[in-house]
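Here's a walk through one protein model, written for someone who would rather look at side chains than read tables. Keep the view open and click along.

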Amino acid sequence: MFKRVHQSVQQQTRGEQVPWEASSLVGEFVFAVPAAAPASGRLEGTTWHGRSSAGDASEVVFEAGGRLRFTPLLGTRTTRRGTWGQKGDLVYFEINNGHSESSGIRRGGVIEGTGRNVTGQTWTWTLTRTRAE
């Protein structure tokens with residue numbers, strides 16, 4: 001996680017800021033959701049609208065069978081070449097055979113997370129539930 005933040009800061013500031021860190025960690029580190037966090041329910045059949053830290057708006061539909069429908073709201077076409085998974089409040093989805101991957105945490109009618117693509121770009125995003133299909 002720290003490496004991704006480091007890369008993201010350098011990329012977004014075009015190299016003007018270089019994060020420095022001191023750590024005794026020797027392996028990968030991730031923050032975990034507390035075990036007591038209540039599950040917000042199944043995503044299947046729900047529609048969400050969102051915005052990324054880059055300002056991109058989109059509609060995401062979590063379809064049956066783990067299929068994902070993703071529509072950028074800038075006039076480009078919808079893709080159904082995506083998949084999704086959920087474990088409690090943890091959500092994962094990928095678009096276009098792994099070209100971009102995102103993971104996040106659902107808290108009621110909001111999912112917040114991070115994404116990355118094969119070119120190394122990273123971003124944060126927020127989805128808000130709009131309706132059930």
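## Ground rules

A nonpolar core here is a set of buried Ala, Val, Leu, Ile, Met, Phe, Trp, Tyr and Cys residues joined through side-chain atoms within 4.5 Å. Buried means under 20% relative accessible area, exposed means over 50%, and partly exposed is what lies in between, with a 1.4 Å probe and protein chains only.

This is a predicted model, with local features needing pLDDT of at least 70 and side-chain atom pairs counting only at pLDDT 80 or more, while totals for chains, interfaces and linings use all residues. Residues are numbered from 1 along each chain as its sequence is written, and side-chain values use heavy atoms, with hydrogens and water left out.

## The overall picture

The protein chain has one helix and eight strands; both are DSSP runs numbered from the N terminus, with helices being H or I of at least four residues and strands being E of at least two. Reading from the N terminus, the order is α-β-β-β-β-β-β-β-β.

The protein chain has 133 residues, and 29% of them count as buried. Now take the contacts (heavy atoms within 4.5 Å). Among those between residues at least 6 apart in sequence, 34% join residues at least 24 apart.

## A run of hairpins

Two strands pair if DSSP finds at least two bridges between them. Strand β4 (residues 79-87) runs antiparallel to strand β5 (residues 90-95), with six bridges joining them. In that pairing, Thr83 sits opposite Glu94 in β5. The β4 and β5 hairpin has two residues between the strands, and Gly88 takes a positive phi near 65° there.

Next along, β5 pairs with strand β6 (residues 100-107), again antiparallel and over six bridges. Tyr92 has Ser103 of β6 as its bridge partner, and Phe93 stands opposite Ser102 in β6. Four residues lie between the strands of this hairpin, where Asn96 has a positive phi near 55°.

β6 then joins strand β7 (residues 110-117) through eight bridges, also antiparallel. Ser102 stands opposite Gly115 in β7. The hairpin of β6 and β7 has two residues between the strands, and Gly108 adopts a positive phi near 65°. Which residues of β6 are on the covered face, and which on the uncovered one? Ser100, Ser102, Gly104 and Arg106 make up the covered face, with Glu101, Ser103, Ile105 and Arg107 on the uncovered one.

## The nonpolar core

The largest nonpolar core has 13 residues, and those with the most contacts inside it are Leu43, Phe62, Leu68, Phe93, Ile111 and Leu127. At least two core residues come from each of β2 (57-62), β3 (67-72), β5 and β8 (122-132). β5 gives the most, with three residues.

Leaving aside residues up to four places away in sequence, Leu127 touches Trp48, His49, Gly50, Val60, Phe62, Phe93, Gly109, Val110 and Ile111.

## Aromatic rings

Rings of Phe, Tyr and Trp (its six-membered ring) pair if their centres lie within 6.5 Å; planes under 30 degrees apart count as stacked, over 60 as edge-to-face and the rest as tilted. The structure holds four aromatic pairs. Why is the pair of Phe62 and Trp84 edge-to-face? The ring centres of Phe62 and Trp84 are 5.3 Å apart and the planes are at 80°, so the pair counts as edge-to-face. This pair links distant parts of the chain, with Phe62 in strand β2 and Trp84 in strand β4, 22 residues apart. Phe62 is buried at 0% relative accessibility, and Trp84 is buried too, with a relative accessible area of 10%.

Phe62 also forms an edge-to-face pair with Phe93, at 6.1 Å centre to centre and 75° between the planes. Here the link runs from Phe62 in strand β2 to Phe93 in strand β5, 31 residues apart. Phe93 counts as buried, at 5% relative accessibility. Ring pairs link Trp48, Phe62, Trp84, Phe93 and Trp125 into a cluster.
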